[in-house]
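Welcome! Take a moment to look over the model below, and then let's walk through some of its helices and salt bridges together.

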Amino acid sequence: MLEALPDGRASDTLEMIEVVNRQRRRKISSKQWREFTAKALRAIGGNNRSATVVFASDDAVRKLNRRFRGRNLPTDVLSFPTEAEPFEVDDGSHLGDVVISVERAAAQAKANGLSFSSEVEQLILHGLLHLCGYDHESDKGQMNRLELKLRKQLGI
């Protein structure tokens, strides 16, 4: 994708967004979620960064949550930052994976009077912020303030 720089020259951005659907309850538009994730990454300042968005079932997310966080319950979104293998050069270009429970997203959308798409957009943004190093559990509201600002900017 070519993007214009402020001085008018073209810049080649190398963002690569992969969308993986590991559930069967809901049809997922890979194109829609690749485009939104790329847009969200640009808003965060993650040009030339890549990420993977995985849509999964509650059961799969519960198992991941139990294995990696010690919490035996489903959650709406999990983030898994990429860690380079010892033989790899870590250029920081691939941020990691965002895993979304489709069932949790649908239930939360209904409970909050939102569309499924709006809820998923919020979850992707939240997950990407975690991949960029933000942590709402310990940052005294910094991530929350930034997330609210970006939601407005992205029209969520």
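Helices are DSSP runs of H or I with at least four residues, strands are runs of E with at least two, and both are numbered from the N terminus. This is a predicted model, in which local features need pLDDT of at least 70 and side-chain atom pairs count only at pLDDT 80 or more, while totals for chains, interfaces and linings use all residues. Residues are numbered from 1 along each chain as its sequence is written, and side-chain values use heavy atoms, with hydrogens and water left out.

Is Asp 58 buried or exposed? With a relative accessible area of 13%, Asp 58 is buried. Here, buried means under 20% relative accessible area, exposed means over 50%, and partly exposed is in between, using a 1.4 Å probe and protein chains only.

Which residues does Asp 58 touch, leaving aside its neighbours within four places in sequence? They are Pro 74, Ser 101, Glu 103 and Arg 104, where contact means heavy atoms within 4.5 Å.

## Salt bridges

How many salt bridges does the structure hold? There are 7 salt bridges, each being a side-chain nitrogen of Lys or Arg within 4 Å of a carboxyl oxygen of Asp or Glu. Glu 103, one of the contacts of Asp 58, also takes part in a salt bridge with Arg 25, at 3.0 Å from N to O. Arg 25 sits in the loop between β3 (17-21) and α1 (30-44) and Glu 103 in helix α3 (residues 102-111), so this pair links parts that are 78 residues apart in sequence. Arg 25 is exposed, at 66% relative accessibility, whereas Glu 103 is partly exposed, at 21%.

Back in helix α2 (residues 58-69), Asp 59 and Arg 62 are 3 residues apart, or about one helical turn. The closest N and O atoms of their salt bridge are 2.6 Å apart. Asp 59 is partly exposed, at 37% relative accessibility. Asp 59 also meets Lys 63 in a salt bridge, at 3.2 Å from N to O. Through shared partners, Asp 59, Arg 62 and Lys 63 are joined into one network.

## Helix α1 against helix α4

Now turn to a pair of packed helices. The axes of α1 and α4 are 10 Å apart, at an angle of about 45°. Axes are lines fitted to C-alpha atoms, for helices over the stretch in contact, and angles run from 0 to 180 degrees between N-to-C directions. The two helices are therefore oblique to each other; angles under 35 degrees count as roughly parallel, over 145 as roughly antiparallel, 65 to 115 as roughly perpendicular and the rest as oblique.

Among the residues that meet here are Trp 33, Phe 36 and Leu 41 in α1 and Val 120, Ile 124 and Leu 128 in α4. By class, this contact has 10 nonpolar, 3 polar and 1 charged residues. Ala, Val, Leu, Ile, Met, Phe, Trp, Tyr, Cys and Pro count as nonpolar, Asp, Glu, Lys and Arg as charged, and the others, Gly among them, as polar.

## Helix α4 against helix α5

Helix α4 (residues 116-131) also packs with helix α5 (residues 142-154), at an angle of about 135° and with axes 11 Å apart. α4 and α5 are therefore oblique to each other. Residues making the contact include Gln 122, Leu 125 and His 126 of α4 and Met 143, Leu 146 and Glu 147 of α5. The contact of α4 with α5 has 6 nonpolar, 3 polar and 2 charged residues.
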